[in-house]
Amino acid sequence: MYTPPPLTMGEEIVLLALDNRTGALRSRQSVGWAVAGAALMELSVQGRIGIDRKKLHLVDGTPTGSEVLDESLRWLAGKPAHPSLFAPRVRGLVNREARRGVGKIQADLVQRGVVRLEPGLLKRYPVLDPGPEKAVRAMLDQVVLGGHHPDARIGGLIALLHTTKLHKVAFPDHRPRDLKPRMKEISEGNWAAAEVKQAIAAAAAAVAASVAAASSAGS
């Protein structure tokens, strides 16, 4: 029997943000920033890229099985690795994926049979298989509400959700102010190897800077 590969971090974020009743995507702009940061975090957690003294380098360029991640991997591999270009490269990836990542992920979720496309003026994606979303929410509950220690992947996901202020998307039955201290603590914790944590911190910082710039431009 065919077993689909695990969800990527970006797919998990999109599933959390989909309204299960209507298929509409909530907090689209924030979700876009979170998906963008997720690509860099996922590649680091998988050991595909590394960071050494603020120098981003390719470790393993073989395909990941996710077109979204593979596109990001190819884009990063084609850029110079000089330390002075570290921050621009990270921001470049974040801005690139924020514009296009959500749509690609929604198409991937349709192909995997997790959601279906409901055509219209505004595309909607009602959930067909609630299992993957339930699994993600269970992991988040264990770590944020239950006090369990996160691994690098779930810690990175929580850091992104916190940075992009998606507390209510992740925990719809809880007040954000009750979640923020714990999610901040997790975001700043030591739950990953130093190089992975550096990549996660860089992604979170780039997302935060992009969100702040977008907010300033819109005010």
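**Note on the predicted model of a protein chain**

1. Serine 27 is located in the loop between helix H1 (9–17) and H2. Here helices (H or I, at least four residues) and strands (E, at least two) are DSSP runs, numbered from the N terminus. The phi angle of serine 27 is near 50°, which is a positive value in a residue other than glycine. Serine 27 has a relative accessible area of 40% and is therefore partly exposed; buried means under 20% relative accessible area, exposed over 50%, and partly exposed in between (1.4 Å probe, protein chains only).

2. Residues are numbered from 1 along each chain as its sequence is written, and side-chain values use heavy atoms, with hydrogens and water left out.

3. How confident is the predictor in the protein chain? The average pLDDT (the predictor's confidence in each residue, from 0 to 100) is 84 for the protein chain, and 89% of the residues score at least 70. Among the elements of the chain, the lowest mean pLDDT, 73, belongs to helix H9 (residues 194–218), and the highest, 96, to helix H7 (residues 167–170).

4. The overall composition may be described next. The protein chain contains 9 helices and 2 strands. Read from the N terminus on, its elements follow the order α-α-β-β-α-α-α-α-α-α-α. Of its 219 residues, 46% count as buried. The accessible surface of the chain amounts to about 10,900 Å², and 55% of this belongs to carbon and sulfur atoms; accessible areas come from the Shrake-Rupley method with a 1.4 Å probe, and for residues only the protein chains shown count as cover.

5. Which share of the contacts joins residues at least 24 apart? Among contacts (heavy atoms within 4.5 Å) in the protein chain between residues at least 6 apart in sequence, the share is 64%.

6. The packing of two helices deserves attention. Helix H2 (residues 28–45) and helix H3 (residues 67–77) pack at an angle of about 80°, and their axes are 10 Å apart. Axes are lines fitted to C-alpha atoms, for helices over the stretch in contact, and angles run from 0 to 180 degrees between N-to-C directions. H2 and H3 are therefore roughly perpendicular to each other, given that angles under 35 degrees count as roughly parallel, over 145 as roughly antiparallel, 65 to 115 as roughly perpendicular and the rest as oblique.

7. Which residues form the contact of H2 with H3? From H2, Ala39, Leu40, Glu42 and Leu43 meet Leu69, Ser72, Leu73 and Leu76 of H3. By class, this contact has 6 nonpolar, 1 polar and 1 charged residues. Ala, Val, Leu, Ile, Met, Phe, Trp, Tyr, Cys and Pro count as nonpolar, Asp, Glu, Lys and Arg as charged, and the others, Gly among them, as polar.

8. Leucine 43 is part of helix H2. Is leucine 43 buried or exposed? Its relative accessible area is 0%, so leucine 43 is buried. Leaving aside residues up to four places away in sequence, leucine 43 touches Arg48, Ile49, Thr64, Leu69, Ser72, Leu73 and Leu76. Leucine 43 and leucine 73, 30 residues apart in sequence, lie 7.6 Å apart in space, C-alpha to C-alpha.

9. Aspartate 60 occupies the loop between strand S2 (56–58) and H3. With a relative accessible area of 26%, aspartate 60 is partly exposed. Residues up to four places away not being counted, aspartate 60 touches Gly47, Arg48 and Leu73. Its C-alpha atom is separated by 9.3 Å from that of glycine 50, 10 residues apart along the chain.

10. Glycine 23 is found, like serine 27, in the loop between H1 and H2. The relative accessible area of glycine 23 is 1%, so this residue is buried. Glycine 23 touches Leu18, Arg124, Tyr125 and Pro126, with residues up to four places away in sequence not counted. Glycine 23 and valine 115 are 92 residues apart in sequence, and 8.4 Å separates their C-alpha atoms.

11. Two further loop residues complete the note. Leucine 122 has its place in the loop between helix H4 (86–111) and helix H5 (131–145), and counts as exposed at 63% relative accessibility. Lysine 165, in the loop between helix H6 (152–163) and H7, has a positive phi of about 60° although it is not a glycine. Lysine 165 is exposed, with a relative accessible area of 64%.
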